[in-house]
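Hi,

Here is the model I promised to pass on.

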Amino acid sequence: MSKKDIYAQPKDNYHAKIVAKSTAVFIVCILLTLLCLVPIYILIVNATHTSEELRRNASQFFPGNALMTNINFLLEKLPEDASRTDKNTAQMYAGQFNVVKGYINSLIIAGCTTLLTVFFSAMTAYGLTVYDFKLSGPAYTFIIAVMMIPVQVSSAGFVNFMYQLNLIDSFIPLIIPAVAAPAVIFFMKSYMKSSFPLDIVEASRIDGCGEYRTFLTIALPMMKPAIAVQAIFAFVANWNNYYTQNMILKDQSKKTIPIMVSSILGFDRTPNYGVNYLCVCLSILPIVIIYFCLSKFIIAGVALGGVKE
Amino acid sequence: MSKLTRTLALLAVLAMSATAFTACNGGSESSNDSSSATESSADESSADESSADESSADESSDEESSGEETPSVDLTDDDPTLTIVCWNNNDLGPMMDMYGNENVKWEQSGTDGTSASTEYATFLGSGKDIDLFVAEAGWILNYITDEYALPVSELGLTKDDYKDAYQYTVDVATNENGDLMGCSWQAAAGGWAYNTDIAKEQLGIETPEDMQAAVADWDKFEETAGKLKDATGGDVYMTCSLGGMWQCYSTAIDSAWVEDGVINTATARDFAEMAKKYVDNGYVNPAIAQWDGDWFNYGVDGKCLGYFFSTWCLTQGAQLEGNCGTEGNWNIVVGPQEYFWGGSWLCVAKTINTKATAADFIRYFTVNKDTMKEYALSSGDFVNNKVAMAEIVEEKSNSNPLLGGQDQFAVLTEVADGINMSDSISKYDQSLKDSFLNTLKDEIESKDVDTVIADFVADATSKNTDLSAPEA
Amino acid sequence: MASAAQRRIKSISYAKYGYMFIAPFFLVYAFFQIWPLIYTFILSFKGNQSNCGAWVGLDNYTTIVLGQGLAPGAANIKAEFLQALGQTFILWFGNFVPQILLSLLLAVWFTDAKLKLPGKGFFKVVMYMPNIITAASVAALYVNLFGDSERYFVNSLLMHNFGMEDPIKFLSTPWPARILVMFIQTWLWFGNTMIMLMSGIMGINPSLFEAADIDGANSSQIFFRVTLPLLQPIMVYTLVTSMIGGLQMFDIPYLLRTGAQYSKNLETVAVFVYANFNNGPANVSNYGLAGAASMIIFVITAILGSITFYMNRDKDEIAKKKQRKRAEKQYKAKMKQGGLTL
């Protein structure tokens, strides 16, 4: 036996082991991927079936051809000879799940909150990093301390207070509080600490640049990466927020996508299963599209958020 | 530093001064002492009159019908749109179609009666333009307070207008001051609707008379349920939900849920014992909650012989059509007991600014015999006017295609006459009923009746801090 | 070296700009968060239902904690709150454990350079996806999948294709419903936790792994002796944030239902609070109880939060501060000395 054989054997074994393990891991990953995608697939497939088909067999695995029928039902475009029941049901669906209005309302709220959150958080983080003032330490401590307070804790008072200020059905209580986002400030401050040279501020002062202009024209552009990451998370979080929006928005014309989708769960009529699926489908569509366009970026952002220690 | 603290302090003071006076949604105390109700409504009306004077000339002209009957109040529309709030459009849809005024709009709050009972508080209180709202018997008392509603006398309607109405609809909507706070367009008598095909094939029952004989009382009802189970091997349930049976069972016995702050469980216990038998024998599926998706589907799927349907389930596009299809193979009979199911009242919202149209709309559907009769015939709803209903039954002018041409009014008129719920309702009723039916649904299969009742009482008293459990 | 301008700038106090920059945060926070919190605190001393608006002192707290109070059903209220708290813990624990195990396993695999795993990026993208979907939609989706009758996907599948006789009542029986919530929560969050842990593992100095490898450690030894101990801080952080998140669990337990009633078997403390203050007009709602329960959650959160706070401290800053203090001390001591010698 040559030396070569002695060394070769364990090495082959090792390789085989690696390959076996890789395969096993790959299979597990495939299974988990299926677990994540199959519910979404079923959702899409079932949205293309009529309620009648789903009534006969609710476990459809292949697409049907009733997508347009369901969409028309949701838009209250019924055939002439539709029954009174269908008309009433379609009217209820159209009222409770007015998808265009839902998108617009959600977009307004999520868009405005995102802008406010990133701008004011960057501003606060900037103020805390750049300026040395007596209360900067306590202020930052406060921000970290309140970072974890859940919104549920103050919701009873919040709703009452908004009710008294006559801000029910207004977007103000959903948008303005976004100015104060402790977690985002925390993130931005850590980011500034690692990648924002304070000399730049000094240099711009020497150039005669005012403090606000320095922040707007020099600091903000430099913080773009952090702002972009936080903007995406703020947008997603606000688009998905059900709890607060559900407490404040009561008028059908003000309701957002999460409230609309929850209202089809307690539907006071014979449910149209196909349309139900379509509603859920439509509710997640924009966010999923955004996600797949920006997925690399978002995942990098999550990873960044994870490195807290 | 001092600037910041000062600003913060100022802000806190501002916030506090805005809220400190009113602790919970303002008028909470007022429901207890209703003496202030008249005062405030009087203020309200005078204010409305003065504002109406300014703008009456041009806007009131389009409403002629209401003027002559209401000399005492000045009715004007400050806003052309009449907004009515309800949790569904089963009734309002056909009503608006028949009324034919494009300016009448329906707004939705809540997804069913129960959720409407909680949603209304913020919806009505948020100061938006609402003229009328629809309330159910189970929780109408929560909203016909001076915080949310005005007496209908604001629209020139008096109790005299309702001398032909079923008395209970007036009693329920009358507050402690004796003011009428709501007008009902329907008398919610209930019956037992059944699938004639199943009845014929499985039980050999051909006519409604035979069916009535087969379900004449609860013993017979149970006997028939047994026969049905034997015939179908348990594939077809006798009735769809315990919720429907409960409605029939409970309202027929005139017992209040709450007596002097104590929950009355006597009827609930009797019913739970009966329900236990039904569930153990497989006559009814306890998991079906009233109004959920499966409840709606059982009829069309042919999985139950019948439903307990009230009059408002029989209108066009309502539950009868939705659950049972349009083939006309259903009939209705009185069932084991005469009963009634809630009913809906049109109440005047405090924010009303379309008084003329509102008054006209209410008169059209709750006072005017002719239009009410027409509505009953066109929609199938059982209208709140004894004379109109008697005429329809006498003329035999109604036939419901969904019921194979049967006249449901003939079956239900007697039931409607007997409805009495004047002294038995409380503001906790909806909560207690929901609590009881939920406990029943979750536990009746696996636990004994004592546990079910104890759990129901525990749930009810933890949700309603005012109420106490009955003594053992 | 320093120019005149630089000196001038140094002498200007910029402190007021600092206050200006952070003022919007504090104003808005005070108005929309602090005051509602104080207001909730005040509500917790007021009565419920017919007693609404009246001062009742600590009654709501004694009711919830001790089961003694003005309400005839005080003991039942305590029982319900405790049940909600217990269920919150069960639901949290049942989703945290599988979630952290799964995420850890995946994170280790994905960062293992020896494994030849194609499509790593794709897996990460797909596994994170559930996390961005609206929770309300997720609830609606799972209700449509796991509803109690054959009208819904899973029961239909089992009954049509596998000959099952009666549908499984996933939503209305306690444990299946709870397990379903745990599953959904895990489904929602494992991708997120995985990515966090991955970045934690990648932050570990690679030479440590190499050294272990050279010393002949096998992969499980590396995992337990190197990776896990070094991941400890981030694991504790995940644990605590997840606990706080668990206390807020609302959307899924509240919405996993058919019909208008939330499921009692899934009632969490957040649902308890919401259901008590959101019951229609004030005279049929329990604002006091909702307030008191909120404050109890607040205290629990504060305890948990102080742990993360302690971990999140800016360590450099603290070190600097300590140094500064020490320097100050030394300076003062010197001055004293100097003073003495003078």
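**What I found**

Thr232(B) counts as partly exposed because it has 17 C-beta neighbours inside 10 Å. For that label, a residue is buried if 20 or more other C-beta atoms lie within 10 Å of its own, exposed if 12 or fewer, and partly exposed in between, with the C-beta atoms placed from the backbone. Before going further: this is a predicted model, so local features need pLDDT of at least 70 and side-chain atom pairs count only at pLDDT 80 or more, while totals for chains, interfaces and linings use all residues. Residues are numbered from 1 along each chain as its sequence is written, and chains are lettered from A and ligands numbered from 1 in the order in which they are written.

Back to Thr232(B): you'll find it in helix 9 (residues 218-232) of chain B. Helices here are DSSP runs of H or I with at least four residues, strands are runs of E with at least two, and both are numbered from the N terminus. Glu201(B) is 31 residues away from Thr232(B) along the chain, and their C-alpha atoms are separated by 9.9 Å.

**Chain B overall**

Chain B has 19 helices and 13 strands, and buried residues make up 56% of its 472 residues. Take the contacts in chain B between residues at least 6 apart in sequence: 75% of them join residues at least 24 apart. A contact means that the C-beta atoms of two residues, placed from the backbone, lie within 7 Å.

**Strand 1 of chain B**

How many of the five residues of strand 1 (residues 82-86) of chain B are buried? Five of the five are, so this strand is largely enclosed by the rest of the structure. Both of its faces are covered, with Leu82(B), Ile84(B) and Cys86(B) buried on one side and Thr83(B) and Val85(B) buried on the other.

Strand 1 of chain B pairs in the parallel sense with strand 2 (residues 104-108) of chain B over five bridges; pairing needs at least two bridges found by DSSP. Val85(B) stands opposite Glu107(B) in strand 2 of chain B. From strand 1 the chain crosses through helix 3 of chain B to strand 2, a right-handed β-α-β crossover. Right-handed means that, with the strands pointing away from the viewer, the path from the first strand over the helix to the second runs clockwise. Strand 1 of chain B is also joined by two bridges to strand 3 (residues 132-136) of chain B, again parallel, where Leu132(B) is the bridge partner of Ile84(B).

**Between the chains**

The contact between chains C and A takes 88 residues from chain C and 79 residues from chain A. Helix 2 (residues 15-43) of chain C gives the largest share of the chain C side, 18 residues. That side divides into 59 nonpolar, 22 polar and seven charged residues.

For chains B and C, the contact takes 45 residues from chain B and 39 residues from chain C. Helix 1 of chain B gives the most to the chain B side, with eight residues. By class, that side has 15 nonpolar, 20 polar and ten charged residues.

**Cores**

A nonpolar core is a set of buried Ala, Val, Leu, Ile, Met, Phe, Trp, Tyr and Cys residues joined through C-beta atoms within 7 Å. In the largest one, of 190 residues, Met188(A), Ala139(C), Leu256(C) and Ala293(C) touch the most other members. Helix 4 (residues 74-111) of chain C gives the most to this core, with 15 residues. Domain 1 (1-46) and domain 2 (99-263) of chain A both give residues to this core, so it lies between them. A second, separate core of 144 residues includes Leu228(B), Tyr237(B), Tyr298(B) and Leu403(B).

Cheers

Technical notes: Nonpolar A, V, L, I, M, F, W, Y, C, P; charged D, E, K, R; others polar. Domains from an automatic or database assignment.
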